[in-house]
Amino acid sequence: MIKAVRGTRDLLPPDTALWNFVENATRDVFRLYNYREIRTPIFEQTQLFARSVGEETDIVSKEMFTWEDRGRAESENTQSLTLRPEATAGIVRAYIEHDLNRTGLLQRLYMIGPMFRRERPQKGRYRQFFQIDAEVIGPPTAGSESPSVDAELLEMLATFLERIGITGCTLELNSVGCANDRPKYNEALRAALAKDLDKMCEDCRRRAVTNPLRVLDCKVPEDQPIIAKLPRMLDYLDESCRQHFQAVRDLLAAVNVPYVVNARLVRGLDYYTRTAFEFTHGALGAQNAILGGGRYDGLSESLGGPKAPGIGFAIGEDRLVLALSKTAEELSTPPDAYIAPLGAGMDREAARLARELRKRGIVVELGDESFRLKKSLETASKIGARYAVIVGENEVKANAFALKNLATGAQVTVPRAELADKIRQ
Ligand code: AMP
């Protein structure tokens, strides 16, 4: 038997009702904030991720699904392509490619789709997983650097989580500074790391030289006591980053969105500047981050684009669905009626009636004339239909149909024209 590849999975009904619920709420809530949908390709040139997410990150150095694409013609060069491990890089690439800066406005964009990382699969961690991603990008003249953009985005997330009934989430907030204060902090990190480096894992030893901030992202348990004592980015912020962070905090207080400052939060991607955040959820165990994001003021320029500061987040949809208290059964809507054709030639009549009812908005499942009445009624009950409509020769002649309420067993004859209203009652 051929099975789904390790780390990938099928989402089956009724569980897909949970996914639809989350995605419908996403569209409804994000609409209130004037976000619009963007869809970018599932694969991109490898260098896009290497340059944005960062060569030293776990994602780029260990987890990408990358292949050499030959091209069809002999003359075409091979190129290295990668299944997207995250959404921001592709969206910023599209922003630059289509020159969205020329609008002079903030672009509030969102995307829902699969991402791919070669991680060790476990509960809540997959190799193909879904993210709900949102970004606010624009030229500085549009206000893209303003702390009010950060606070509004965080408030939207709090509203969204509340809307889908997720409680018990903690917003963890930090500022990771900017290109101006980062070198000083990197220096402080290197100095603090120097004495303990020989006790740390190989990745940390390398990263201490190439990209010390990444050391804070290390998950090796033996390294944690050393990491806990390292200097905090918050103590190295320059004046404008400090003020920016304070303004975000003040605005969050003004709109009543609770948070905790987590000075160790760095996130696993290199492009972040200033505001960085995660929403964590206690019930999720080891993989407790339901979503994460932050500012990326230099990302567009580092990809050869214009100055277009931005901020965004990615919600892990798989984990969000795990944290829902609603059940798939609660959210599934069974059909209103099951149409039971009775006897030879009745499939045609049943199909006509089903079409009429569906035009009136009735959810209908169609049976088959080869079924005996008993089997039709059993099927109608199994699929959870509220009514069975019996379509036999006599009914067709009378243009009125037997309508059986499957919960009570009561049966009435209803003229064709009144059937939809009767079923809807
Ligand atoms: P990141 O892009 O790493 O900041 O991840 C954003 C969110 O995506 C995380 O908070 C998780 O909820 C989710 N996520 C990341 N990696 C995985 C994965 N391998 N499987 C399932 N969800 C993931």
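The model is a predicted one, in which local features need pLDDT of at least 70 and side-chain atom pairs count only at pLDDT 80 or more, while totals for chains, interfaces and linings use all residues. Residues are numbered from 1 along each chain as its sequence is written, and side-chain values use heavy atoms, with hydrogens and water left out. Helices (H or I, at least four residues) and strands (E, at least two) are DSSP runs numbered from the N terminus. Buried stands for under 20% relative accessible area, exposed for over 50% and partly exposed for what lies in between, with a 1.4 Å probe and protein chains only.

After helix 4 comes Asp 99, with a positive phi near 50 degrees.

Glu 44 is buried, at a relative accessible area of 9%. Neighbours within four places in sequence aside, the contacts of Glu 44 are Phe 49, Ser 80, Leu 81, Thr 82, Gly 90 and Arg 93; contact here means heavy atoms within 4.5 Å.

Next come the aromatic rings. The whole structure has 9 aromatic pairs. Rings of Phe, Tyr and Trp (its six-membered ring) pair if their centres lie within 6.5 Å; planes under 30 degrees apart count as stacked, over 60 as edge-to-face and the rest as tilted. Which kind of pair do Trp 19 and Phe 130 form? Their pair is edge-to-face, with 5.6 Å from centre to centre and 75 degrees between the planes. Because Trp 19 belongs to helix 1 (residues 16–32) and Phe 130 to strand 6 (residues 128–137), the pair ties together parts that are 111 residues apart in sequence. Trp 19 is buried at 6% relative accessibility, whereas Phe 130 is partly exposed at 22%.

The rings of Tyr 185 and Tyr 236 have centres 5.5 Å apart and planes at 50 degrees, so this pair is tilted. Tyr 185 is in helix 6 (residues 182–194) and Tyr 236 in the loop between helix 8 (224–228) and helix 9 (239–254), so the pair ties together parts 51 residues apart in sequence. Tyr 185 is buried at 0% relative accessibility, and Tyr 236 is partly exposed at 28%. Elsewhere, ring pairs join Phe 30, Tyr 35, Tyr 110, Phe 160 and Phe 313 into a cluster.

Two charges sit over rings, a term that requires NZ of Lys or CZ of Arg within 6 Å of the ring centre and within 35 degrees of the ring normal. The charged end of Arg 9 is over the ring of Tyr 126, 4.0 Å from its centre. Lys 375 is over the face of Phe 371, 4.1 Å from the ring centre.

The structure holds 1 cavity of 30 Å³ or more. A cavity is a set of points, on a 1 Å grid over the protein atoms alone, where a 1.4 Å probe fits but cannot get out; a pocket is an open set with protein on both sides within 12 Å along at least five of seven lines, and lining residues have an atom within 4 Å of a point. Grid points are joined across faces, edges and corners, and a volume is the space filled by probe spheres set on the points. The largest cavity has about 30 Å³, and its lining consists of Val 176, Arg 182, Leu 213, Arg 214, Val 266, Leu 269, Asp 270 and Tyr 272.

The second largest pocket holds about 240 Å³. Of its 16 lining residues, Ala 158, Leu 161, Glu 162, Pro 258 and Phe 279 lie nearest its centre. Helix 5 supplies the largest share of this lining, 5 residues.

Most residues other than glycine have a negative phi, and most peptide bonds are trans. Pro 13 and Pro 14 are joined by a cis peptide bond, with omega about 5 degrees. Arg 274 has a positive phi of about 50 degrees; Arg 274 is in strand 9 (residues 273–281) and is buried at 11%. Asn 256 has a phi near 65 degrees and is exposed at 68%.
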